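I opened my notebook to go through this structure piece by piece. Here is what I looked up, in the order I did it.

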Amino acid sequence: MIPDTMKAVLLTRHGDLDALVYRQDVPVPRPAAGEVLIEVTACGMNNTDVWVRQGAYGSETDPQAVSSWRRGRPTLTFPRIQGADIVGRIAAVGEGVAQERVGERVMVDFSLYNRDDDSLADIDYIGHGRDGGYAEYTTVPAENAHVVDTGMSDAELATFCCAYLTGEHMLERAGVSAGERVLVTGASGGVGSAIVQLCRARDAIPYAVTGQGKEAALRRVGAEAVITREQGDLVEAVATATGGEPIDVVADLVAGPLFNPLLRILRPEGRYTTAGAIAGPVVQLDLRTLYLKHLQLHGSSQGTRKDFRRLVGYIETGKVKPLLAQTYRLSDFHNAQRAFMEKRFVGKLVVVPDAKWREAGSPG
C-alpha cells in the first residue's frame, strides 16, 4: 500500500547545508499521465547537488552571481527534492503506462529531454526541474525508467547514471576512439573514475590525474598510469607517465590553474572536453596555444538517449563496474554531503532511505 506521506530531504533555498531539511511529512507524489511512481531504494550523490544548493553556477556576465544550473533559464523552484541517480521499484503507473510495469526494478535516466531528437540544446534534469530521489518516493516520465539486466545491488546500480552518462557524452563529444590516449583530471571522483572505465570500454588508454593515496584504486579500474597532482610539474609528469607518447584528448573536471598546462599537454590537433570545474570555473587562456596547435574545445553536460543506451549496454555486459565508496542513510544527509565535499573517497557515495537500508545491499 502506498502511504500518503514520506520522508525526504528538501532544498529550501540557496545556501549552506542548513538549506537542506529532512522532513517526515512530505506528501507522496502521484504519477501523472505517462509517468511512473518509483519507491526509491538508492540514490547517488553528484557535484551538481552541491553547486545548485550553493547557487554556484554564476551568470555569463558575473561569475559570482547566485544562479542555478540552467543560468538564465530557471526551472528550479523551492522547495525542491534533489537527487538524480535514482534506483528503485515501480510502485504505481499513470494513465497510458502499462500496469505490468508495476514491480520492475529500474535505473532512471535523469535527463529531461525537451525535444524529440537527441539535441541537448534544451534539456533539464530530475532533481532540478522536477523532484528527484532524495526521498522515499518520486515520479518520473515512464520513458526515463529503465530495467537493467544485472545482478548488482541497488546501491551499486545507483553509482552509474549521472557520472557515467556525463563521462560517456564527454568522450562522444571529443570523438575518442580505440588506441587514443586520454588524460583524465579529477579521476577519483564519480565522473572521473567513470571516464577511466569508459575509455577502456572504447579501447582507449586512460591516464589519471588525482590526489595522493588514490593511485591504487584508479589502477584497479583501468588507469594505464596515475599522475599525482601535488608532485612537480604536471606537463613533465604526464610526459614521464606516457613514455613521451602524445595525449590525444584531455577530459577535464578540475580546470582552475590546471587549464593552461592541460592545453600544453595536448598534442597538435588534440581535443579538450570538460563537464566540470571543481578547482575554479574562471580560467586563463593563452589563445596562441589554442590556434597555433589547432586545438578543439568541447563543453559537455549530461548526455543523449543514445549515450544512455550505450551505458546500459556497458553495464549489462560488464564493461564497467560499480565503484561504491560508501552509503549513508537519508536521515544522515548532512553528513553524507559533508563527506562528499571533502573528496576523500574514490568513486561514488550513495544515499539510501532508512527503511531500505538493509535490502539495498549497501556497505557503510
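I began with Y272, which is buried because its relative accessible area is 4%. Buried means under 20% relative accessible area, exposed over 50%, and partly exposed in between, with a 1.4 Å probe and protein chains only.

**Ground rules.** I noted that this is a predicted model, where local features need pLDDT of at least 70, side-chain atom pairs count only at pLDDT 80 or more, and totals for chains, interfaces and linings use all residues. Residues are numbered from 1 along each chain as its sequence is written, and side-chain values use heavy atoms, with hydrogens and water left out.

**Aromatic pairs.** How many aromatic pairs does the structure hold? I found seven. Rings of Phe, Tyr and Trp (its six-membered ring) pair if their centres lie within 6.5 Å; planes under 30 degrees apart count as stacked, over 60 as edge-to-face and the rest as tilted.

I looked at W69 and Y125 next: their ring centres are 5.2 Å apart and their planes stand at 90 degrees, so this pair is edge-to-face. W69 lies in the loop between α1 (47–54) and β4 (85–93), and Y125 in strand β7 (residues 123–125), so the pair ties together parts that are 56 residues apart in sequence. For the element names, helices (H or I, at least four residues) and strands (E, at least two) are DSSP runs, numbered from the N terminus. W69 counts as buried at 16% relative accessibility, and Y125 counts as buried at 4%.

Then I returned to Y272 with its partner F259: the ring centres are 5.2 Å apart and the planes are at 85 degrees, so this pair is edge-to-face. F259 is in helix α7 (residues 259–265) and Y272 in strand β14 (residues 266–274), so I wrote down a link between distant parts of the chain, 13 residues apart. F259 counts as buried at 6% relative accessibility. I also noted one aromatic cluster, formed by W69, F110 and Y125.

**Charges over rings.** A charge sits over a ring if NZ of Lys or CZ of Arg is within 6 Å of the ring centre and within 35 degrees of the ring normal. I found R329 over the face of W357, at 4.2 Å from the ring centre. K343 has its charged end over the ring of F340, 3.8 Å from the centre.

**Helix α9.** Which residues of α9 are buried? They are R305, D307, F308, L311, V312, Y314 and I315. Their cover includes α3 (161–173) and α4 (190–201), where contact means heavy atoms within 4.5 Å. G313 also lies in α9, but is partly exposed, with a relative accessible area of 27%. After the helix comes G318, with a positive phi near 80 degrees.

**The open sheet.** I traced six strands in the order β12-β11-β10-β13-β14-β15, with parallel pairing. Two strands pair if DSSP finds at least two bridges between them. Four bridges join β11 (residues 205–210) to β12, and A208 stands opposite V226 in β12.
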